[in-house]
Amino acid sequence: MLYREAGQLKTTYAEDMAVFPIRQDRIALAVLLGIAFIGVPLLATFHIWPFSSDYLLWAILLPFLVLALAAIGTNILVGYCGQISLGSGAFMAIGAYAAYKLGTGVHIPFAWLGFAISIPPLPVLVSILIGGLAAAGVGILFGIPSLRIKGLYLAVATLAAQFFFDWLFLRVPWFTNYAPSGSVNAPELIFFGLIVHTPIERYLLCLTFVAVIAALTKNLVRGNLGRQWMAIRDMDIAAELIGIRPLYAKLTAFAVSSFIVGVAGALWAFVYLGSWEPLAFSIDRSLQLLFMVIIGGLGSIMGSFVGAAFILSVPIMLNLIPTELGVPVSTETITHLEFIIFGSLICYLLIKEPRGFARLISIGKEKLRLWPFPY
Amino acid sequence: MIALGQFLEVLIGGLMSGVLYSLVALGFVLIFKASGVFNFAQGAMVLLAGLALVRALDLLMANGFPFWAAIVLGIGFGAAIMATTAWLIERFVIGPLVNQDALTLFMSTIGATFIIEGAAEMIFGSDVYPLRLFPTDAWFVLEGLFPGGILVNKLDVWGGVIAGTLVAGLAIFFQWTKIGRALRAVADDHLAAQSVGIPISRIWFVVWLVAGLVALVAAIVWGTKLGVQFSITFLALKALPVLIIGGLTSIPGAIAGGLIVGAGEKIAEVFLGPSIGGGIEYWFAYVLALAVLLVRPQGLFGERIIERI
C-alpha cells in the first residue's frame, strides 16, 4: 500500500539512473535527514526528552556518526572490493595524527642538511581533509601487497600496518609534539570563524561530514569505479580478463577507503575524544569496524549505519539492563557477561543471516511491497 | 663489536620463545587444514585451557591431593574442558556455518573468542595465576668457551622438549591412525571425503579437540613462563605472522615459522632496537610476514595456491 513504486514512470534516462529511483525512498531519506539536521538539534536545544541531558547526543549519537563514517570506509574496501582489512584502526590513527600535526604546525628539522621545513598551523577543516589524504597515501602503500595476495593472507598483511602504526605513534615523540604522557589534545575546532564547542555543534559538524561523504560514496559505488570494485570482489581473475585493471581498481579502493577512514579518525580524535592516545586506535577498533561492516551487510552503505548502531548499542544496552532491573551484579561479572552475550549475538547473527542487516532490510522492503495482500 | 656469546644467548632465547609461538600456530594449522577455518579463537582456547588447569590444580592441592595426582587430574580436567569446548563450537558455531565464505567463518571465530574469554574468566576468575610445573631457573652452559657462559632457561629447554614430543605425536597420529587418515582425507577434499563415508562433523570435532589439547600444552608452557593471565590471548595475534611465514597448511611450517619469528624478533630487538627506539618486537613479526608474502604468497612451506575460474 505505502511502499509500492507502481505508477512512478521514468520519462528520462537521468530519472531512471537516479541514486534513489523510488519516491518512497526519497521521502524517507528526506524525513530522516530532516530529523537528523533539524529535529535533533531543536530537541537538544530545549532539553526535551530523550535529550534532557547531553548523554544521548554526546555518548551515543556522536560516536555512532563517526564510527558509521569509518564503517562506510571499511565497507568500500571489504564489502565492495573484497579486500579484507584488519588495519582500519591504523588508518584512523593516521588520519587523526596527520590532522593533529597539520593543525598544530609541522616542523621537520633536517639537522644534517642544515635547514628545516616548517608549516604553520592549518585551519582545522583543511587539516582534517589532508589527514584523510595522508591516510589514503599510506593505504595505497599497504594496498600494494593485495596485488599478490588475497583473502585472509591479506588480512594478516594489513595487521602489519596496524601494529606498525600503533608502535610508531607510541614510540616516536615527534608525532605527539613531544608530549611527555603520549596523550595529545586536539586544537580548537574553528570552522570558517565559528568555534565548534557544544555537543550540538559537534553533532552537526559530524553529521555534515557523514551526510556529504555518504552521499558521495553512494554515488561512487554505483558508477564505473564502484562496478570495477565489485567485479574484482566477485572474481578477480574474471574481472581482469574482461579488461578491468586490478592494480588500478584495488589501489583506488584502498585509497578511497583509507581516505574516509582517515577523515573518520580525525573526527573521532578532534571532535569526539578531544584528547587521545594511540590506544584509541588499537586492533580492537579494527575488529569493531570489521564487525560493523559484516553485521551491517557487506557492500551496503545503509548497512554500515545499521551495523555501527548495532555494535555500539549492544554494550550500552547490556550495561543498562542489570542496573534497570536492579540486579546486584559485580562490574566484573557484567563485563564478562557482556563478552559472552556479545559474542553469542555475533555468532547467532552470522548463522541466521550471514549477509547482515542489509539483507534483512531488503527482505523487509520486498515484504512491504506486497503488504497487505501477499499474493 | 657484538660478542658472539651474547648473540648466541639472544638467539637461543628467541628460538625458545619461538617454540611457544609454534605451539599456538600449530593449533591454527590443524584447524585450517581440516576445515578451512581461520581460527581466531586459538588464543582464547589457550587462556581457557590454562585457567581450567591452574584452577583445578589449586583446588586439588588445597584439598590435600599429592602433587602427581593433582597434575594428572588437573590435566584431565583441562582436557575435558577443551573437549566440551570443541563439541560446543562444532555443534553451535562452525557446524551451522558450513559452506559459508572464509570471512564469515573467520568472524564467527572472533565471536567465539569473545564467548570463550568471557566464560573462562567468569568461571575460573580473572587474576594472574602462577603455574609451577617445571623449574624456571637458569643454567649457564659453555662457560669454558665464552666469558660468563650462556644463560639458558630450563623452562625453555622443557618447552622445546614438549613441543618436539607433541609434533612427533601429532605426526604419528596423522600418519598411522585411522582417524588421522580420515583427517587428512577431509583436509584434502571435504566433499570427496564425505562421499566415501567419513563422518565430517565427527572429524571436525576431533580436529577442534586436538587443537584444544595443543592449546592445553601451550598453556602449560606459557603459563609456567608468564603465569596464566588474560594477556595470553594476544599470543593468538602473534601466531598469525608465524602462520603466514610458515604457510597456512604446513605443520613443519608452523614450527619453522615460529622459530624464525621468535629468533628474528629477539635479535632485532636487542641489536637493532636501541637505534630506532625499542619495542620493535611489537611489529617485527608482522612486517617480516608482509615481506615473506610479497616474495612467496603461500609461505615457506605452504602448498602453492592454484586459481581456477
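**Burial in chain A**

I looked up burial first: 42% of the 375 residues of chain A count as buried. A residue is buried if 20 or more other C-beta atoms lie within 10 Å of its own, exposed if 12 or fewer, and partly exposed in between, with C-beta atoms placed from the backbone. I note that this is a predicted model, in which local features need pLDDT of at least 70, side-chain atom pairs count only at pLDDT 80 or more, and totals for chains, interfaces and linings use all residues. Residues are numbered from 1 along each chain as its sequence is written, and chains are lettered from A and ligands numbered from 1 in the order in which they are written.

**Overall form of chain A**

I found 14 helices and 6 strands in chain A. Its radius of gyration is 22 Å, close to the 21 Å that the globule rule gives for 375 residues, so chain A is as compact as a globular protein of that length. The radius is taken over C-alpha atoms, and the rule is 2.2 Å times the number of residues to the power 0.38. Helices (H or I, at least four residues) and strands (E, at least two) are DSSP runs, numbered from the N terminus. The C-alpha trace of chain A spans about 80 × 60 × 45 Å along its principal axes.

I then checked contacts, which need C-beta atoms, placed from the backbone, within 7 Å. Of the contacts in chain A between residues at least 6 apart in sequence, 76% join residues at least 24 apart.

I looked up helix 10 of chain A, residues 246–273. This helix has 28 residues and reaches 38 Å from its first C-alpha to its last, close to the 40 Å expected at 1.5 Å a residue. The expected span is 1.5 Å times one less than the number of residues. Helix 10 of chain A bends by about 25° at Leu267(A), the bend being the angle between axes fitted to the seven residues ending there and the seven starting there. In helix 10 of chain A, 22 of the 28 residues are buried, so the rest of the structure largely encloses it. Just after this helix, Gly274(A) takes a positive phi of about 80°.

Helix 6 of chain A covers residues 152–171; its 20 residues should span 28 Å, and its end C-alpha atoms are 29 Å apart, which agrees. With 17 of its 20 residues buried, helix 6 of chain A is also largely enclosed by the rest of the structure.

**A hairpin in the open**

I turned to strand 1 (residues 106–110) of chain A, where the number buried among 5 residues is 0, so it lies largely in the open. Strand 2 of chain A is hardly covered either, with a count of 0 buried among its 5 residues. Strand 1 and strand 2 (residues 115–119) of chain A pair in the antiparallel sense over 5 bridges; pairing requires that DSSP finds at least two bridges. They form a hairpin with 4 residues between them, and Gly114(A) in the turn has a positive phi of about 85°. I looked up two partners in strand 2 of chain A: Val106(A) bridges to Ile119(A), and Pro109(A) bridges to Ala116(A).

**Backbone exceptions**

Most residues other than glycine have a negative phi, and most peptide bonds are trans. I found that His47(A), not a glycine, has a positive phi of about 55°. His47(A) sits in the loop between helix 2 and helix 3 (55–80) of chain A and counts as exposed, with 10 C-beta neighbours inside 10 Å. Asn177(A) has a positive phi of about 50° and is not a glycine. Asn177(A) lies in the loop between helix 6 and strand 3 (184–185) of chain A and counts as partly exposed, with 14 C-beta neighbours inside 10 Å. The peptide bond from Trp371(A) to Pro372(A) is cis, with omega near 0°; Pro372(A) is in the segment after helix 14 (356–370) of chain A.

I counted 11 helices and 2 strands in chain B. Buried residues make up 47% of its 309 residues.

The contact takes 40 residues from chain B and 36 residues from chain A. The largest share of the side of chain B that touches chain A, 17 residues, comes from helix 4 of chain B. That side divides into 27 nonpolar, 10 polar and 3 charged residues. Ala, Val, Leu, Ile, Met, Phe, Trp, Tyr, Cys and Pro count as nonpolar, Asp, Glu, Lys and Arg as charged, and the others, Gly among them, as polar.

Note on methods. Contact = placed C-beta atoms within 7 Å.
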